[in-house]
Amino acid sequence: MDNNKNNVKWFRSAAPYINAHRGKTVVLMFGGEAVSHANFANIIHDISLLRSLGVKLVIVHGARPQIEERMVQRNITQVIEKNIRITDADTLVAVKDATGSLRLHIEALLSTGLVNSPMHGSQIRVSTGNFVIAKPIGVRDGIDYKYTGSVRRIDSDGINMQLNYGSIVLLSPIGYSPTGEVFNLALEDVAAQTAIALKADKLITLTEDEGLLAKTGELIRSCSVRTVKTLLDEKDCHVRQLLLRAIIQCGENGVERCHCVSYQSDSALLQELFTRDGAGTLIAKDHKEQVAIATIDDVGGILELLAPLEEEGVLVKRSRELLEVEIDKFTVIKKEDVIIACAALYPYSDAKMGEVACVAIHPDYRKGDRGARLMTALENAAKQQQLAAIFVLTTVSGHWFLEQGFIEQPMSKLPEGKKKLYNFQRKSKVLIKDI
């Protein structure tokens, strides 16, 4: 019975994420290694579930290990120049064989509908076709790459037509030229160009690791495209470099979110999309307005931003001296070095809670998502400090915080140190959010 209650509780908590993803276009990318892994059947079930929840899905699969296997079987010597496979006529036969076989295998799995299987009644339609128009890499530095190509154009109208019909679109790392030739393409090139052409809401990459790893080996839970650029290292394997460059390219060309999760986990994909903490790495595109930890040079700009709200009695007045002492608690959003928004986080480590304070946005910039971006930054900071919840005391902005996931609670839920400082005359509401 307890398990059933937990399942219901999880389902309710997932509802906002289900609603957020319905109707969104997602490009899901995985290599041939994922298809060969024992967990791939679970990934297929999760893909089926995503489609049943209204997600528009484009799947881009790779085939590197399968191509290499067929080349060995045919005694074809692999020739790689500058980390790029040269595809001659014999190699192209192996490429066609491997990608064609994999595509049929994936289509077959997506067609499964056995009773008592997770895909019973799903009735998924899979659409494949000549949606990827390619061109040859050509001759570079005296090296002819022959049938190795790159993406020239994506038939976004054709793909969107199939998505609107309710089909999952399945793309292989193969492209076609207007002259009727076939070219061997990089999986990452096809996925990135497809996501950009479709103006996809997300690119999801399935990799061997949990997600993107820092140079210290730790999992990066969330970061910006700017951070991904710092991970690029010529010493890394070529496949990792291609992955990072695909994420960067998407983030710089309009794709709002990229996710990187492990194909070895039987829950990572759903956990990443439908739970608060996720399972892998979330990469958000860079904004022209930068979110940053405040420095002493920002004190004047913060005071100017807070002054009107302090005069109205919305915020408690802070002196310049106090602000200078507490400046490291503040996060700001800057536009061309002008502070247009700020917020502060004051930790109560003993209670594993943090207070959100001094949330202010310049009147000219209140129509965007800047408040939500500030909350995300503070939540990430609170998690790094191993806090379990954040709270806010507010008199006039309660509804906005409720929209951000806070819940009104009695004053007794506050940390002991904050209870002693509570101003009963202000009658502030106590709002708390678990993180």
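Q: Which residues does E326 touch, leaving out residues up to four places away in sequence?
A: With those left out, E326 touches R318 and Y346. Keep in mind that this is a predicted model.

Q: Where is E326 found?
A: E326 is in a loop, the one between α12 (320-325) and β18 (330-335).

Q: And is E326 buried or exposed?
A: Buried. Its relative accessibility is 18%, and the cut-off for buried is under 20%, so E326 falls on the buried side.

Q: OK, let's zoom out. How many helices and strands does the protein have?
A: The secondary structure comes to 15 helices and 23 strands.

Q: What box do the C-alpha atoms fill?
A: Taken along the principal axes, the box is roughly 80 × 60 × 40 Å.

Q: What share of the residues is buried?
A: The protein has 435 residues, and 46% of them are buried.

Q: Now contacts. Among those between residues at least 6 apart in sequence, what share joins residues at least 24 apart?
A: That share is 70%.

Q: Let's go inside. Which residues of the largest nonpolar core touch the most other members?
A: That core has 42 residues, and F30, I47, L50, I106 and F274 touch the most other members.

Q: Which helix gives the most to this core?
A: Helix α5, residues 89-110, gives the most, with 7 residues.

Q: What does F30 touch, again not counting residues up to four places away in sequence?
A: Quite a list: V35, F40, I47, I59, V60, H61, G62, I106, L187 and L206. One of those, V60, belongs to a second, separate core of 40 residues. That second core also includes V151, A246 and I283.

Q: How many aromatic pairs does the structure hold?
A: It holds 5 aromatic pairs. F30 and F40 form one of them, and the pair is edge-to-face.

Q: What are the numbers for F30 and F40?
A: The rings are 5.4 Å apart, centre to centre, with 70° between the planes.

Q: Where do F30 and F40 sit in the chain?
A: F30 is in strand β1 (residues 25-30) and F40 is in helix α3 (residues 40-52). They are 10 residues apart, and the pair links distant parts of the chain.

Q: Are F30 and F40 buried or exposed?
A: Both F30 and F40 are buried.

Q: Then there's F401 and F406. Why is that pair edge-to-face?
A: The planes of F401 and F406 are at 80°, with the ring centres 5.4 Å apart, so the pair counts as edge-to-face. The cut-off for that label is over 60 degrees.

Q: Which residues do ring pairs link into a cluster?
A: The cluster consists of W400, F401 and F406. Of these, F401 and F406 are buried.

Q: New topic: where is L53?
A: L53 sits in the loop between α3 and β2 (56-61).

Q: How far is L53 from H21?
A: In sequence, L53 and H21 are 32 residues apart, while in space they are 8.0 Å apart, C-alpha to C-alpha. Leaving out residues up to four places away in sequence, L53 touches I18, R22 and F274.

Q: What about V139 and I339, how far apart are they?
A: They are 200 residues apart in sequence and 50 Å apart in space, C-alpha to C-alpha. V139 is in strand β7, residues 139-140. With a relative accessible area of 58%, V139 is exposed.

Q: Last one. What is phi for K199 and for C358?
A: Phi of K199 is near 55°, a positive value in a residue other than glycine. C358 isn't a glycine and has a positive phi too, of about 55°.

Q: Where are K199 and C358 found?
A: K199 is in the loop between α7 (187-197) and β13 (202-207), whereas C358 is in strand β20, residues 353-361.

Q: And which counts as buried and which as exposed?
A: K199 counts as exposed, at 69% relative accessibility. C358 counts as buried, at 4%.

Key. Residues are numbered from 1 along each chain as its sequence is written. This is a predicted model: local features need pLDDT of at least 70, side-chain atom pairs count only at pLDDT 80 or more; totals for chains, interfaces and linings use all residues. Side-chain values use heavy atoms; hydrogens and water are left out. Helices (H or I, at least four residues) and strands (E, at least two) are DSSP runs, numbered from the N terminus. Buried means under 20% relative accessible area, exposed over 50%, partly exposed in between (1.4 Å probe, protein chains only). Contact means heavy atoms within 4.5 Å. A nonpolar core is a set of buried Ala, Val, Leu, Ile, Met, Phe, Trp, Tyr and Cys residues joined through side-chain atoms within 4.5 Å. Rings of Phe, Tyr and Trp (its six-membered ring) pair if their centres lie within 6.5 Å; planes under 30 degrees apart count as stacked, over 60 as edge-to-face and the rest as tilted.
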